[in-house]
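The sequence and the structure are shown first.

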Amino acid sequence: MNQRCWQILGIEPTEDQQAIRAAYRGKLPNHHPENDPGGFQLLRQAFEHARKLAESPFILRSAQDAEDDGPHDEGTPQLEQAPEPPPSAAEPLFESMLAQFDALLNTPETRYQPQSWHSYIAQLDQYDIALIDRLRWHLLDRVYHSACISTDCVRLLAERLNWRHRLNELEQDDAARMDDYLDYIARADIFDLSTLSSISLPAQVETVAFFRHAYHLYWNEPEWMLRLLLSNPSVIYWPDCPRLMKQLAQWYSLAEVPSETLRDHCLAQLELDAENSDWLYLAARHCALLQDNQRAFDCWQRLYQQEQYAQAEQGLLDWCREQHPACLPLLIQAFDRPVYPAAAGISASSDKQDYLTPTQTIQTLVRWGEAAQFN
């Protein structure tokens with residue numbers, strides 16, 4: 001009987017479930033499901049196999065004796081299953097529901113489809129509470145170790161199985177870890193993952209991992225890190241999702257990475273809603289990044305006239321510096337809008353006259369300083 005599970009876990013054969021669990025947790029960081037799916041699968045199989053052996057001391061001792069007598073099969077990656085007592089009447093149903101859930105997770109057409117998750121949950125509702133109780137933590141364990149899963153879909157199952165309110169059934173460490181995971185799935189997917197159903201499972205995982213990484217960098221890290229990710233040559237599927245396309249336009253704008261696709265998308269959105277200040281800004285930014293100067297100027301000008309948008313001022317100044325540098329001083333002065341108190345009723349000898357002396361705003365002075373550094 002194959003005893004490689006103990007070698008993989010790095011421990012001697014034991015009946016101590018705590019020791020097996022501790023060894024499994026210790027090995028997890030080296031075999032993350034996203035970075036090493038094959039290693040993780042093998043580690044998970046070793047863990048489950050060791051637990052089954054430990055549950056039956058007789059099987060464990062027999063396995064040890066057989067291991068001493070027989071050679072190791074080092075070329076076999078899969079773990080053999082230990083013999084189990086005859087299953088109860090509910091056992092085939094339990095295994096069937098787990099197998100159906102595994103199929104749901106591993107089938108590209110169903111993995112990110114909420115309707116498929118609803119159908120599986122509807123099946124659960126047909127069975128008694130005893131079966132649901134057996135499945136509850138097995139299903140949580142499966143979604144926890146699934147790479148790049150849909151949080152919108154997992155929340156459907158979390159609500160049905162009441163994971164949050166039954167965490168006290170788990171050991172303290174496991175409960176704390178799963179509590180953090182439930183906080184994570186409370187956040188919505190960054191885009192509609194069901195739009196990925198037409199591509200293969202590895203491509204789905206790679207796509208979701210890439211966009212989640214970009215999302216994290218956009219909100220939490222310096223912009224140069226996002227620029228490094230987006231400018232690095234890579235092949236990533238962009239699904240037809242309006243919510244994602246707007247985020248991509250924002251990410252590429254902040255990172256200052258030019259994209260003709262995103263420029264055209266922003267201009268197309270402006271044709272649908274010409275007064276939308278968000279799309280005006282994004283269109284101006286992407287036109288400027290691609291040196292599409294006339295359209296960049298038109299967008300900056302419309303944005304300034306519409307809202308006196310602060311970034312539109314800077315966009316017009318940058319455009320003027322590149323295209324008509326001789327006019328830059330006039331434009332800087334035109335954007336200067338100091339606020340003076342009303343002069344009416346103030347005598348010429350009043351101290352308040354000091355505040356009526358024409359001056360320039362701090363922002364204008366900064367712009368003069370920046371302009372002085374250019375030839």
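In which loop is N162 found? In this predicted model, N162 lies in the loop between α9 (151-161) and α10 (172-185).

**Overall features**

The protein contains 19 helices and zero strands. Of its 375 residues, 38% are buried. When contacts between residues at least 6 apart in sequence are considered, 64% of them join residues at least 24 apart. The mean pLDDT is 85, and 85% of the residues reach 70 or more. Residues 66-89, however, have a pLDDT below 50, and beyond near neighbours in sequence this stretch has 33 contacts in the model.

Most residues other than glycine have a negative phi. N162 is not a glycine, yet its phi is positive, at about 55°. The residue is partly exposed, and its relative accessible area is 33%. Q291 likewise is a residue other than glycine with a positive phi, in this case near 60°. Q291 is located in the loop between α15 (277-289) and α16 (293-307). Is Q291 buried or exposed? With a relative accessible area of 57%, Q291 counts as exposed, because the cut-off for that class is over 50%.

| Residue | Relative accessible area | Class |
|---|---|---|
| R136 | 3% | buried |
| S150 | 1% | buried |
| L317 | 5% | buried |

R136 belongs to helix α8 (residues 129-144). Which side chain does the side chain of R136 meet in a polar contact? The partner is the side chain of D133, at 2.6 Å. When neighbours within four places in sequence are set aside, R136 is in contact with L161, W163 and R166.

S150 is placed in the loop between α8 and α9. Its side chain reaches the backbone nitrogen of D152 at 3.4 Å. If residues up to four places away in sequence are not counted, S150 touches Y112, D189, L193 and R212.

L317 is part of helix α17 (residues 310-323). Which residues does L317 touch, not counting those up to four places away in sequence? They are L328, L331, I332, F335 and R367. L317 and W300 are 17 residues apart along the chain, and their C-alpha atoms are separated by 9.9 Å.

**Packing of α12 and α13**

How are helix α12 and helix α13 arranged where they pack? Helix α12 (residues 223-231) and helix α13 (residues 242-255) meet at an angle of about 115°, and their axes are 8 Å apart. That angle makes α12 roughly perpendicular to α13. The contact involves E223, L226, R227 and L230 on the α12 side, and W251, Y252, L254 and A255 on the α13 side. The crossing of α12 past α13 is left-handed.

**Summary of the residue views**

R136 is buried within α8, S150 is buried in the loop between α8 and α9, and L317 is buried within α17.

Terms used: Residues are numbered from 1 along each chain as its sequence is written. This is a predicted model: local features need pLDDT of at least 70, side-chain atom pairs count only at pLDDT 80 or more; totals for chains, interfaces and linings use all residues. Side-chain values use heavy atoms; hydrogens and water are left out. Helices (H or I, at least four residues) and strands (E, at least two) are DSSP runs, numbered from the N terminus. Buried means under 20% relative accessible area, exposed over 50%, partly exposed in between (1.4 Å probe, protein chains only). A polar contact is a pair of N or O atoms within 3.5 Å; within protein, one must be able to donate a hydrogen and the other to accept it, and residues adjacent in sequence count only if both atoms are side-chain atoms. Contact means heavy atoms within 4.5 Å. pLDDT is the predictor's confidence in each residue, from 0 to 100. Axes are lines fitted to C-alpha atoms, for helices over the stretch in contact, and angles run from 0 to 180 degrees between N-to-C directions. Angles under 35 degrees count as roughly parallel, over 145 as roughly antiparallel, 65 to 115 as roughly perpendicular and the rest as oblique. A crossing is left-handed if the near helix is turned anticlockwise from the far one by less than a right angle, and right-handed if clockwise.
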